[in-house]
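Subject: Structure handover

Hello,

Here is the structure for you to look over. My notes on what was found in it follow below.

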Amino acid sequence: MSVIIDKDTRLIVQGITGREGEFHTEQMLEYGTKVVAGVTPGKGGQTVLGVPVFDTVREAKEATDANATVLFVPARFTKAGVYEAIDADIPTIITIAEHVPVHYMMECYHLAKMKGVRLFGPNSFGIISPGKSKAGFMAHKIFEPGKVGILSRSATNCYETVFMMSNEGIGQSTCIGVGGDMIPGSTFVDLLEDFEKDPETEAIVIIGEIGGSEEELAAKYIEKNITKPVIALIAGKNAPKGKSMGHAGAIVSADGTGSAENKEKVLKKAGCHIAESTVHIVDILKDILL
Amino acid sequence: MKLLEYKAKELFEKYDIPTMKGVVLDSKEGVAAKIDEADLEYPVVVKAQVQVGGRGKAGGIQFADDGKQAQEIVEKLLFSDLKGLKVNKLLTVEKASPEKEWYLSIMLDRLTKCPLIIFSALGGVDIEEVAKTDPDKIMKVPINPMLGIQDYIIRYLLLKAQIDMAHFVEMKEILKQLYKMFMEYGCMLAEINPLALDANGKIIALDGKVDIDDSAIYRLPDIAEFEKTLPVEALEKEASDFNFLYIEIEKDGDVAVMSNGSGMLMSCIDLISKKGMKVGAALDLGGGATADRIKEAVRIVLSCEKIDKLFISIFGGITRCDEVAKGVKLALQEQKENKTVIVRLEGTNKQEGVEVIDSIDGGVVAVDSIPQGVEALDLRRYD
């Protein structure tokens, strides 16, 4: 078992004929991911790295029985790609692109909820279940199979943590990039239950940051529903107010909503271990697991 | 991106939301004639177009009873300095005489992930103050984007605010149009304050704030055009020309941080601040920067006068460490400022990168982790 994706996941790559799409398809195949189809309108009938390409997601699904898709398409085409995948009844949709207009993601979010589809990203590295499968562009070499589930708004903070964990012999069950944008398809709250139920996961790491209220919602949920240890890091304590810190979602409003202090306070109250830094996450994990 | 009031007013007009008749002035010649030509009736209000709080108190809003007075105000106010910002445009509108002042806005709410209507019968004044003293006088209603504005929403707002149902049709029209604008222009916020009820029972938008999602501007040519007229900080502009994001952190900070991701940038800033040092600037390289671009990034940051130490932390996935190292080398060869650069490389092509860093002749310190980098900064804090 693992969360969201595993070795049996049958993945479509939307935008497989693009530069990034092709490069990362190769990486994913090398890692053992079952990439069963690619989709690029107008390129149906070709093959990329031995993977058949279709014009539409529906054809790809009919021909290959795919059950997940990852979108390597530019920000402005992400909404159309997500709509198409939802309409073709693909149950798991992962988006990567940075700078997707937030209104587009709002619409995708509500449509996905309505149809019961699991949507991830945008502005995310994707999802990896180490040793089994990956859907996204993360540098997979640093990941090791293990017992820690990770949910991260930031790719670099997640890499940093995973790199040190793996060096210390602490592997990961599944790592999910929830993404750095304002309206992610899935947030911490939507995913905590999956990790709680996953028998392979023994501890959960949440890498959050300033902005929004997702960590606060997660705290409420954890207090009531999560029995496994949760370690949380909130990045951006010293970021200036009212300025977006590169991630569109990492912004503290003028009234103080989204501040690191409040997030840490409520997470602590919910029983989480608060990490001061990525190094500290690993120290806490060593205490708990080893 | 926040629009100036005149641009917000233009959008309101485009969507048939009633506003006061007005004219934008950007030169001092023939003010009275321009006001006549725009068919305005006196008295008029002259408003400085700058994005700063307390504009009225600073003298940025003035009243004129005739053309002569308007001319005098324009001569003084236009191109003057208001709280550190240059006034390049004045919006001149007919003075309204509101009977009542309400507040209406739609914001993109991250909690409900919906457009959220905020409405209050206590508008015009400081709405944040009302939120503190009279929170139940502020109505908040999320709009399901799959449903849009429905009649019951208007009914709820008016009933709760104890406003006469006689205004139902007009309010519905304004809210529908504001919502349409909000969606079509990718707004983060579309605010009307005050939304005034005049003596004839007509509802008018007297002042507005519009904030547009930066990621939506590519599909809004009129907003892209407007953006070009706004002043940009020199370093931010230079960085954005190379597709980097430059963020000023603390005014008196002397440390700069550079990374290939904003999460790591924030982590580094947190650790450096915790040690009691001050970060003055941060630069996000994004993914995949090549040596020639890295060189520019280093040059831009070091050219900032207040900065005397730069910490570069890279976790290379798409970004290659050897490219980063080569870029640092090129920048340091041309550096005139004699500032220290601390480099931490991890990930793709780390070994090749470290070798390049080792070959640099002075001005650079190689470290092997973020904590080591912070320590290296700390050792040099009084240099």
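A:Val82 sits in helix α3 of chain A, which covers residues 75-87. The model is a predicted one, and everything below should be read with that in mind. Is A:Val82 buried or exposed? A residue counts as buried when 20 or more other C-beta atoms lie within 10 Å of its own; A:Val82 has 31 within that distance, so it is buried. Leaving out residues up to four places away in sequence, A:Val82 touches A:Leu71, A:Ile93, A:Thr95, A:Cys108 and A:Leu119. A:Tyr104 is 22 residues from A:Val82 in sequence, and their C-alpha atoms are 9.9 Å apart in space.

Also in chain A, helix α6 (residues 188-197) packs with helix α7 (residues 214-225) at an angle of about 30°, and the two axes are 9 Å apart. The crossing of α6(A) and α7(A) is right-handed. On the α6(A) side the residues that meet α7(A) are A:Phe188, A:Val189, A:Leu192, A:Glu193 and A:Glu196. Those they meet in α7(A) are A:Glu214, A:Glu215, A:Leu217, A:Ala218, A:Tyr221, A:Ile222 and A:Asn225. Sorted by class, the contact of α6(A) with α7(A) has 7 nonpolar, 4 charged and 1 polar residues.

Turning to chain B, its three domains are domain 1 (22-94), domain 2 (100-224) and domain 3 (234-380). Between domain 2 of chain B and domain 3 of chain B, the C-alpha centres are 44 Å apart.

The largest nonpolar core has 210 residues, and those touching the most other members are B:Leu283, B:Val301 and B:Val328. For B:Val301, the contacts beyond four places in sequence are B:Ala256, B:Met258, B:Ala281, B:Leu283, B:Ile307 and B:Leu310.

Last, the interface. How many residues of chain B are in contact with chain A? There are 36, and they are in contact with 43 residues of chain A. Four elements of chain B each supply at least two residues to this side: β13 (245-248), α10 (262-274), β15 (279-284) and β17 (340-347). Helix α10(B) gives the most, with 10 residues. By class, the side of chain B that touches chain A has 18 nonpolar, 12 polar and 6 charged residues.

Regards

Note on methods. Residues numbered from 1 in each chain as written. Chains lettered and ligands numbered in written order. Predicted model: local features only at pLDDT ≥ 70, side-chain atom pairs only at ≥ 80, totals over all residues. Domains from an automatic or database assignment. Buried ≥ 20, exposed ≤ 12 C-beta atoms within 10 Å, placed from the backbone. Contact = placed C-beta atoms within 7 Å. Axes fitted to C-alpha atoms, helices over the stretch in contact; angles between N-to-C directions. Left-handed = near helix turned anticlockwise from the far one by under 90°. Nonpolar A, V, L, I, M, F, W, Y, C, P; charged D, E, K, R; others polar. Core = buried A, V, L, I, M, F, W, Y, C linked by C-beta atoms within 7 Å.
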